[in-house]
Amino acid sequence: MNSEPDDSLRDVFIYIVPIFVVNGFVAGQIIFKSRLKKIKTYNNLSSKMVAYRGAMIIRLAMLEGASLFTITICFLTADLTFLAISVFIIIYFIILKPTVEKIAVDLELNRSEKIRIGNPNEVIAVFETNQ
């Protein structure tokens, strides 16, 4: 990083970065919630889990993009404020980590489905890989 911050770039990005971060957060939330509505209608737990994984990937990708953008801007401007914003995004990213309890609440699972996802020996979904 430069020892002196580039004020002209910083002045521009001080407005762009928050807009980008908020848009990433809001878009991730909206997409996740809309996918959850559809997923809750599925009858098969395996289908629910595969779709939930996809919804989480999209939600977290939006945050990841915002974080990488702020890190890049930190390098361009040598302003650690942008790095601090990225750290907060990463902390939120960690908070969103799916757990059995969060999945059960998000998908409104019934008792038997909660028991199945709580059992570490239960095979819930099989993910195919192309080799």
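This is a predicted model: local features need pLDDT of at least 70, side-chain atom pairs count only at pLDDT 80 or more; totals for chains, interfaces and linings use all residues.
## Terms and ground rules

A residue is called buried under 20% relative accessible area, exposed over 50%, and partly exposed in between (1.4 Å probe, protein chains only).

Residues are numbered from 1 along each chain as its sequence is written, and side-chain values use heavy atoms, leaving out hydrogens and water.

## Salt bridges

Side chains of opposite charge can pair when their charged atoms come close. Here a salt bridge is counted when a side-chain nitrogen of Lys or Arg sits within 4 Å of a carboxyl oxygen of Asp or Glu. That rule gives 4 salt bridges.

One of them joins Asp79 to Arg10, with the closest N and O atoms 2.4 Å apart. Asp79 lies in the loop between α2 (45-77) and α3, and Arg10 in helix α1 (residues 7-39), so this pair ties together parts 69 residues apart in sequence. Helices are DSSP runs (H or I, at least four residues), numbered from the N terminus. Asp79 is buried at 10% relative accessibility, while Arg10 is partly exposed at 26%.

Lys40 turns up again in a salt bridge with Glu108, where the closest N and O atoms are 3.1 Å apart. This pair also links distant parts of the chain: Lys40 is in the loop between α1 and α2, and Glu108 is in the loop between α4 (100-107) and α5 (111-118), 68 residues apart. Glu108 is exposed, at 56% relative accessibility.

Then there's Arg116 with Glu122, at 3.1 Å from N to O. Both residues are partly exposed: Arg116 has a relative accessible area of 30%, and Glu122 comes in at 31%.

## How α2 and α3 pack

The axes of α2 and α3 are 8 Å apart, and the two helices pack at an angle of about 160 degrees. Axes are lines fitted to C-alpha atoms over the stretch in contact, with angles running from 0 to 180 degrees between N-to-C directions. Angles over 145 degrees count as roughly antiparallel, so α2 and α3 are roughly antiparallel to each other.

## A nonpolar patch

Leu80, Leu83, Val87, Phe88, Ile91 and Ile95 form a nonpolar surface patch. Patch members have over 30% relative accessible area and no salt bridge, and nonpolar side chains are joined within 5 Å. Together these residues have about 570 Å² of accessible area, by the Shrake-Rupley method with a 1.4 Å probe. Ile91 belongs to helix α3 (residues 80-95) and is partly exposed at 43%.

Notes
Patches are made of residues with over 30% relative accessible area and no salt bridge: like charges are joined within 9 Å, nonpolar side chains (Val, Leu, Ile, Met, Phe, Trp, Tyr) within 5 Å. Angles under 35 degrees count as roughly parallel, over 145 as roughly antiparallel, 65 to 115 as roughly perpendicular and the rest as oblique.
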